[in-house]
Amino acid sequence: MLLIRCPYCQEERPEIEFSYAGEAHIARPLNPDDLSDESWAEYLFIRSNRRGLHYERWLHAHGCAQFFNALRDTVSDKFETTYKIGEARPQVKK
Amino acid sequence: MTINRKETHGRINRDKPIKFSFDGKIYSAFDGDSLASALLANGIHLVARSFKYHRPRGFLSAGSEEPNALVTFDRGQGRVTSNVRATTLEIFDGLVAYSQNNWPSLKFDIGAINDFFYMLFPAGFYNKTFMWPKSFWDKVYEPAIRKMAGLGPAPIDEDADKYASLYSHCETLIVGSGPAGIAAALSACEKPGRVILIDEQNEFGGSLLSTPNLTINAIPAWQWLKNSLAILKGRQNVTLLARTTVIGYYHDNFLGAVERITDHEKDINQNKARECLHRIRAGEVILATGAIERPLVFPNNDRPGVMLASAARSYLNRYGVVVGEKIALFTCHDSGYEVIFDLADAGISIACIMDVRDQVSDNIIAATKTRGLEIRTSTIVTNTSGKFRISSLHASRINDEKITSTEEIICDCLLMCGGWTPSVHLFSHSKGSLKWQENLGAYIPDTPNENTISIGACNGTFGLTDIMTEADSGQSKYTVDDMDFGSGIIAATFPTKSDPAKIKAFVDYQNDVTEKDINLAVREGLKSIEHVKRYTTTGMATDQGKTSNLNALQITAHAVAKPVQQVGLTTFRPPFTPTTFGALLGGKDGDTFHVTRKTPIDGWADDNGAIFEPVALWRRARYFPREGEDMLAAVNRECRATRESLGIFDASTLGKIEVVGPDAAEFMNRMYTNPWMMLKSGSCRYGLMLGEDGYIMDDGVIGRMAEDRFHVTTTTGGAPRVFRMMEDYRQTEWPELDVWLTSTTEQWAVIALNGPNARKLLEPFVEGIDLNPESFPHMAVREGRICGVETRLFRVSFSGELGFEINVPAHYGRALWEVLFKAGQQYDITPYGTETMHVLRAEKGFIIVGQDTDGTVSPMDAGMSWAIGKKKKDFVGKRSLNRSDIVAKGRKQLVGLLTDDPNIVLEEGAQIVADPNQPIPMDMIGHVTSSYWSATLNRSIALAMIKDGRALTDSDIYIPMADQTHKVRVSTPIFYDPMGERLNVL
Amino acid sequence: MKYSALSLFANALSGHKKWPQQWPDATPKKSYDVIIVGAGGHGLGAAYYLARKHGITNVAVIEKGWLGGGNTGRNTTIIRSNYLYDESARIYDHAVDLWDGLSQEINYNVMFSKRGVLMLAHSVHDVQSFQRHIHANRLNGVDNRWLTAEEAKAFCPPLNISKDARYPILGAALQQRAGTARHDSVAWGYARAAAALGVDIIQNCAVTGIKRGADGAVEGVETERGFIGAKKIGVSAAGNSSVIMEMAGLRFPLESYPLQALVSEPIKPVMPCVVMSNSVHAYISQSDKGELVIGAGTDQYVSYSQRGALHIIEETLASICEIFPLFKRMRMLRTWGGVVDVTPDRSPILGKTPVPGLFVNCGWGTGGFKATPGAADLLAYTIAKDQPHPINAPFNLERFTGGRLIDEAAAAAVAH
């Protein structure tokens with residue numbers, strides 16, 4: 001069970017309080033009607049599914065009920081950092 | 001019974017003699033014995049049969065690594081446990097155990113015929129045969145193979161015990177309470193943090209329990225242990241957990257541990273949990289899990305009486321049990337001598353000492369000579385004899401890997417010492433990396449992946465002095481009187497004069513994997529250690545290879561002629577030892593498996609004979625049968641009563657979300673297909689919600705309570721996902737919207753009144769709302785009071801009749817229901833359940849999301865284009881509605897169905913074809929989504945999704961069932977009151 | 001050497017010293033006609049069918065670890081084809097057709113056991129959903145029939161059909177010719193059969209890149225052991241599919257999740273069939289060794305760690321004991337994890353890709369084992385003909401653009 005730091009609560013809490021919410025930084029297009037079917041499908045379905053550092057979203061469902069972003073290594077499952085919605089994505093340290 | 005006991009040895013309580021039974025025979029023992037030590041004290045070595053060859057087996061070890069001595073532990077009905085290791089089973093007065101995997105008896109086991117025909121059962125034999133004739137596989141071979149499965153008996157009765165679980169947190173978790181673990185705990189308890197010390201055994205002390213002759217700081221080991229435990233017990237910040245096995249080491253220093261609470265207690269206490277799962281989150285984990293002695297692999301190394309040297313030491317020193325009268329030792333490591341010295345010092349006759357090595361240290365030679373013993377160097381065991389217990393062995397001298405001479409030696413016990421394997425199981429679970437330690441012939445921890453420290457033997461540190469120093473972070477505050485632990489060589493394969501094909505030198509005892517099986521696997525090209533494991537099943541028995549993995553690895557490396565570290569290592573997999581399912585449930589069974597959500601009115605329904613159905617986590621009243629009624633009769637009555645006069649329905653399970661804020665309408669506009677900006681306060685609208693993929697996700701009636709406030713309802717099962725989706729968009733896509741969401745599902749009880757007399761019943765109880773149709777039209781919502789209680793009163797109808805949904809604070813729900821029910825007697829008020837609700841709505845052609853739609857239905861498919869705000873620029877899912885396959889022809893559309901024979905009620909899920917005479921596979925054009933007998937219409941009705949179905953209206957289609965084909969006419973999905981006039985009743 | 005009772009007996013007499021290697025360790029050639037990336041059952045099977053059915057024997061199967069070490073060797077071995085949609089029913093039933101007779105065809109007993117798969121209905125909605133499946137299966141020629149709770153109990157005696165259960169069993173759908181197979185043997189059997197036809201099996205050789213020519217078409221793969229040329233590459237890499245496709249510059253609609261499974265200690269026969277429950281969420285069968293083989297849902301987050309959490313195991317066992325309270329005192333012997341690649345509609349992607357010469361077989365999620373021979377056969381066909389077979393044509397990548405998803409799970413959506 002992962003230990004996850006909620007950037008709103010500023011606390012590390014166990015994974016069962018949280019709900020995974022998919023890849024992060026996939027913004028909904030502002031004008032969907034202007035998109036081609038291909039671009040719309042890209043938004044809906046295409047995911048980086050990165051092996052390694054992965055930007056993703058979590059919901060502190062049984063806590064503050066806030067969505068937040070995280071940078072986590074999908075090979076070690078270790079969190080690099082978590083940050084609030086709207087904050088710039090942290091750069092991946094090479 | 002004292003014949004095999006040493007009065008001078010052991011920690012057993014000789015003041016408490018007890019009786020126990022094994023295979024129906026009564027034996028004596030003492031409190032403090034394990035079943036293994038008790039049986040050995042009675043001279044019993046034969047206790048089990050192996051899995052494949054049904055070979056007679058005894059005790060290999062004295063601990064949880066035991067592969068052989070598995071028994072069935074029987075505490076009475078519902079308390080029978082299979083495959084229990086006799087070496088870890090604490091004995092109590094009256095304990096009953098049986099041997100297993102034998103028939104008709106342990107001594108005369110028919111299955112042992114497999115041992116005779118072993119040549120036909122090499123590793124992977126089943127891949128190579130049982131293929132012809134093909135039909136024999138299903139009928140003959142496979143049933144026969146399946147019948148042979150298993151070790152212990154399958155359960156017959158439900159478990160009579162209960163289990164518990166809890167969460168624990170600590171700064172320091174120490175696993176293992178040998179000298180390293182105790183020393184670490186003594187250090188850790190001086191710091192402010194919480195300390196948990198765990199040991200799988202009933203007593204703390206680990207290896208110290210078997211080495212009373214050592215001294216620590218000039219104090220005898222057992223006294224030091226006692227003193228140390230007294231200190232630890234006196235500390236507020238220390239929790240000691242004995243009989244507790246850490247089963248797995250998971251992410252971020254989360255560990256699971258199972259405590260065995262009652263299995264060792266004589267009397268059964270119904271109120272006590274049998275086991276408890278501890279879910280532990282630790283700041284730092286100190287692993288002090290020790291090491292496991294390795295057997296040696298030589299022909300017939302599996303006879304009862306052949307055991308690990310360390311086991312004999314434990315049986316002697318801990319239990320006061322002598323494992324034989326003439327004991328031989330076969331070793332390649334100095335540590336084997338410590339055991340022989342303890343045995344010799346206790347006056348036990350030593351048959352011979354065989355050391356693979358050509359040289360042994362002077363200290364050992366001197367210590368051996370002092371005891372009048374001699375060492376045969378360069379000597380190996382090349383065979384053993386004895387049917388149910390070893391009676392002799394062949395000692396062969398080797399020179400340059402060749403046998404030069406062989407001598408038969410009489411013995412009744414043979415001890416093996418093949419060196420030590422650090423217990424890195426938990427370290428590996430945590431994804432710490434391992435490194436090969438050549439001098440140990442084993443893997444030891446390299447880089448930890450968590451905040452983990454490995455100390456003592458599990459870290460490859462042997463010898464008490466070094467262990468204590470390491471455990472004490474190098475402070476060396478301990479002085480230890482300890483024989484040098486010494487060293488050894490790794491000897492996994494030995495020369496033989498026999499035909500290797502005929503030798504059975506066991507590597508994995510329980511699964512009967514021999515050296516030649518491993519060699520066969522390699523010969524056949526299965527060279528990866530994982531292939532060897534899977535092909536031979538080595539390491540896959542209930543001991544998970546604790547004593548066999550390293551031997552298998554060495555033999556494989558030898559066979560492929562590569563260094564061990566290039567062959568790799570199989571993955572260590574949780575749990576460390578087999579773990580009761582019940583303990584892992586942590587009490588989540590029966591009523592507590594999943595909570596049952598009940599409405600405030602559920603109790604009334606229960607009192608009034610409702611039949612319930614599960615809907616998501618809720619239970620809902622399905623119908624209210626009267627005496628002698630089946631479901632159909634009850635539903636017909638409920639439907640008629642509602643249409644003719646008045647029905648009352650508990651709609652409290654509907655999901656409810658309060659959407660509030662200056663931008664509430666804009667938010668609703670984006671979330672739902674419908675337009676919301678112009679909806680007036682006090683009005684309701686049916687809302688349709690899509691996923692971004694354009695498919696119908698949820699629906700419900702939504703009331704605008706004020707300019708900035710909406711009362712949203714959702715489907716019963718959909719409420720959590722709708723709320724989450726709304727929150728997701730609110731927080732992450734449209735943070736600029738000033739809007740707030742609150743789940744109010746459980747705040748409101750909802751009573752639906754439907755039927756021509758609904759208003760008449762309601763009127764006298766309502767204050768502050770004019771129910772007159774002109775001022776309170778259909779699809780309006782008002783706030784006021786009912787019976788003096790605040791209410792949100794919706795005029796809506798899911799039945800087609802005049803209808804009201806009365807929302808009151810949940811705790812008034814039942815009281816209001818009872819008032820209305822009592823007053824409604826004048827109208828013959830009839831309570832109805834979900835089934836009648838379904839029929840009434842189907843007569844009106846209203847869909848149920850999840851029944852008539854299935855996650856692949858667009859609003860156009862469902863005939864609900866009217867619910868889409870045509871002028872809206874965007875809403876969730878809108879873009880997907882223009883995708884090529886969504887607007888293509890041939891999509892399934894919602895229609896009504898009327899059977900040719902009005903008495904036939906179609907089966908829900910039945911498939912529809914245009915041509916019933918086509919061959920299979922048929923071209924299916926749709927399926928029945930809802931189907932009922934309509935008491936109102938006195939005929940059956942159905943809803944269906946059919947490809948281009950609306951264009952088929954008034955034409956015939958067919959429904960081929962297994963026994964007959966139904967002819968059906970496609971119709972509009974609205975069967976009753978198409979103009980909606982019944983809503984206008986006064 | 002042909003495997004048979006006779007050859008087993010003959011080899012027994014000679015001490016089993018004469019068995020040949022089941023597959024040789026191949027050294028990579030400079031180039032092949034076809035390279036398959038991933039030596040699981042799907043990839044090895046595809047190589048076998050390329051050689052057997054299409055005469056393409058200059059084939060290499062390249063594996064980063066040991067063959068059969070991915071999901072082939074980590075699943076709960078359930079085989080069934082009682083899927084709802086025509087497309088799914090066809091592709092899975094094609095696999096079941098091939099399972100039946102596979103042992104004889106490849107001369108390797110994969111122990112396909114038609115012990116029957118029971119799918120339990122716990123609610124009115126489950127009943128409706130299963131009836132829809134059963135009716136569709138009947139008209140598609142796929143066996144699947146309805147059992148009452150009592151009939152289900154007779155078929156599988158350990159079931160708890162008490163009406164007082166938290167999720168009472170209202171009935172079950174039974175596919176009789178469904179069942180299990182021995183997972184490792186499938187990989188080994190295909191490897192041996194493919195190698196016998198000339199296919200090179202190259203283990204411990206990770207693919208590190210996919211080389212494309214000026215025209216965009218594939219030219220071969222970069223590996224830990226150097227460049228290997230091929231004009232056609234089939235990727236059958238399960239959980240790592242996204243990683244491989246990215247090497248060709250493609251982004252896929254896939255996410256990889258940890259999936260755990262577990263076995264109990266071996267006990268005498270007690271479970272005669274496979275039982276699955278979608279509502280209570282678990283599945284179980286008993287292996288020929290006597291272990292109860294148990295699985296359930298994935299962990300929630302994307303991960304390649306082949307490692308899951310304890311609370312998932314707790315939930316899985318709670319579900320099993322809800323259906324089988326009898327098993328509560330049994331003991332869990334071993335747990336393990338795999339990485340499953342999941343598409344948005346939980347149906348696979350099997351066909352061509354936008355890159356000429358690059359073919360893909362992925363997205364089988366938690367259900368890939370049952371499809372092994374079918375997917376392998378169809379991947380081989382698609383590679384050999386450079387066009388999909390009608391059975392796998394609907395499982396193309398384009399469906400995510402057009403919207404013609406094949407969403408079995410949505411069809412079983414929770415109601416009301």
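1. Buried here means under 20% relative accessible area, with exposed over 50% and partly exposed in between (1.4 Å probe, protein chains only). That makes ten of the ten residues of the helix (179-188), so H5 of chain B is largely enclosed by the rest of the structure. Helices (H or I, at least four residues) and strands (E, at least two) are DSSP runs, numbered from the N terminus, and contact means heavy atoms within 4.5 Å.

2. A word on the basis: this is a predicted model, in which local features need pLDDT of at least 70 and side-chain atom pairs count only at pLDDT 80 or more, while totals for chains, interfaces and linings use all residues. Residues are numbered from 1 along each chain as its sequence is written, chains are lettered from A and ligands numbered from 1 in the order in which they are written, and side-chain values use heavy atoms, leaving out hydrogens and water.

3. Do look at the interface of chains B and C, to which chain B brings 130 residues and chain C 109. The two bury about 10,700 Å², with 56% from carbon and sulfur atoms; buried area is the accessible area (1.4 Å probe) that two parts lose on being put together, summed over both. There are 13 salt bridges across it, a salt bridge being a side-chain nitrogen of Lys or Arg within 4 Å of a carboxyl oxygen of Asp or Glu. One of them joins C:Asp25 to B:Lys527 (3.6 Å, N to O). On the chain B side, helix H4 (residues 134-147) gives the largest share, seven residues.

4. Now for chains C and A, where the contact takes 25 residues from each of the two chains. About 2,200 Å² is buried between them, 49% of it on carbon and sulfur atoms. C:Arg251, C:Gln300 and C:Tyr301 supply 28% of the area that chain C buries against chain A, more than any other three residues. C:Arg251 also meets A:Glu42 in a salt bridge (3.4 Å, N to O), and the count for this interface is two. Helix H8 (241-247), strand E12 (255-264) and helix H11 (399-402) of chain C each supply at least two residues of the side that touches chain A.

5. Finally, the aromatic rings: there are 43 aromatic pairs over all chains. Rings of Phe, Tyr and Trp (its six-membered ring) pair if their centres lie within 6.5 Å; planes under 30 degrees apart count as stacked, over 60 as edge-to-face and the rest as tilted. B:Tyr729 and B:Trp734 make a tilted pair, 5.0 Å centre to centre with 35° between the planes. B:Tyr729 is buried at 8% relative accessible area, and B:Trp734 is buried at 8%.

6. B:Phe798 and B:Phe846 are stacked, 5.7 Å centre to centre with 10° between the planes. B:Phe798 sits in the loop between strands E44 (789-795) and E45 (803-809) of chain B, and B:Phe846 in the loop between helices H23 (834-843) and H24 (884-887), so the pair ties together parts that are 48 residues apart in sequence. B:Phe798 is partly exposed at 33%, and B:Phe846 is partly exposed at 28%.
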